[in-house]
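Visitor: I would like to learn how to read this model step by step, from the overall fold to the ligand. Could you take me through it?

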Amino acid sequence: MIIETERLILRDFQKSDWKEVHEYSIDPDVSVFMEWGPNSQEDTLKFIDNAMSGSRQKPRRLYELAVILKGEARLIGASGIRLFPNEPEQADIGYCYNKNYWGKGYATEACRALLGFGFGQLKLHRIIATCDADNYGSSRVLEKSLMRKEAHFLRDKKVKGRWRDTFLFAVLSEEWKPSEK
Ligand SMILES: CC(C)(COP(=O)(O)OP(=O)(O)OC[C@H]1O[C@@H](n2cnc3c(N)ncnc32)[C@H](O)[C@@H]1OP(=O)(O)O)[C@@H](O)C(=O)NCCC(=O)NCCS
């Protein structure tokens with residue numbers, strides 16, 4: 001399972017990836033908007049195990065992929081697409097990157113590639129993504145990936161003791177025009 005973009009390779013996780021994942025998963029700035037983290041070593045190993053067992057599922061429903069920066073042959077983050085359990089023609093996208101690599105367009109490049117994979121290979125009908133309304137970087141990634149903001153839920157989710165707002169972005173297969181990306 002490999003998706004290649006101009007600067008990145010998205011591939012299935014291997015056990016040996018855990019150290020590079022752990023490097024950013026222990027950073028409190030990285031997980032501030034996430035339900036998880038900062039991670040213990042055990043948490044990171046569980047994440048890798050879950051991603052690897054997802055890759056062995058048949059039919060496959062979870063594509064949690066390691067993002068490798070081609071130029072440095074280095075793992076800089078994770079980005080995934082997960083089919084809805086009861087509606088496998090819909091999926092949601094998520095991502096997380098090492099802070100040293102933020103602001104260079106990598107998350108947007110990988111997100112667009114995953115949308116292309118979801119509509120192209122998986123023949124999905126609709127792909128969504130959600131983010132904390134305060135997570136400006138993430139909502140920019142989704143806007144720049146040409147997803148539509150469909151909803152703003154008010155104080156719908158408690159994360160790390162705080163009731164937070166959520167943005168929901170979506171795109172339909174008929175709206176997806178890879179040539180414009
Ligand atoms: C959100 C995240 C994925 C963005 O990754 P990235 O590689 O920096 O994203 P891109 O460079 O493709 O684009 C992000 C946009 O947000 C901006 N941005 C990036 N980091 C930012 C930050 N810390 N604060 C404010 N803006 C930021 C970028 O400038 C860019 O906007 P622009 O094109 O208008 O300049 C990354 O910050 C991250 O991994 N955060 C922690 C995990 C997380 O929040 N995941 C999303 C959960 S929904």
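This is a predicted model: local features need pLDDT of at least 70, side-chain atom pairs count only at pLDDT 80 or more; totals for chains, interfaces and linings use all residues.

Visitor: Which pattern does the chain follow along the sequence?

Guide: Helices (H or I, at least four residues) and strands (E, at least two) are DSSP runs, numbered from the N terminus. Here there are 5 helices and 8 strands, and they follow one another as β-β-α-α-α-β-β-β-α-β-α-β-β. The radius of gyration, taken over C-alpha atoms, is 16 Å, close to the 16 Å that the globule rule (2.2 Å times the number of residues to the power 0.38) gives for 181 residues, so the chain is as compact as a globular protein of that length.

Visitor: In what order do the strands form the sheet?

Guide: Strands of a sheet pair through backbone hydrogen bonds, either parallel or antiparallel. Two strands are taken to pair if DSSP finds at least two bridges between them. In this chain, 8 strands form an open sheet of mixed pairing, in the order β1-β2-β3-β4-β5-β6-β8-β7. At the edges stand β1 (2–4) and β7 (148–159), each with a single partner strand, so one side of each is left without a neighbour in the sheet. Strands β6 (residues 126–132) and β8 (residues 162–172) run antiparallel and are joined by 7 bridges, with Ile 127 standing opposite Val 171 in β8.

Visitor: Which strands does α5 lie across?

Guide: Angles run from 0 to 180 degrees between N-to-C directions, the axes being lines fitted to C-alpha atoms, for helices over the stretch in contact (C-beta atoms, placed from the backbone, within 7 Å). By that reading α5 lies across β6 and β8, at about 160° to β6.

Visitor: Which element gives the most to the shell around the ligand?

Guide: A residue is near a molecule if its C-beta atom, placed from the backbone, lies within 6 Å of it. Helix α5 gives the most to the shell, with 6 residues, and β5 (87–97), α4 (106–120) and α5 (136–144) each supply at least two. Of the 20 residues around the ligand, Trp 102, Ala 107, Thr 108, Gly 137 and Arg 140 come nearest.

Definitions and conventions:
Residues are numbered from 1 along each chain as its sequence is written. Two residues are in contact if their C-beta atoms, placed from the backbone, lie within 7 Å.
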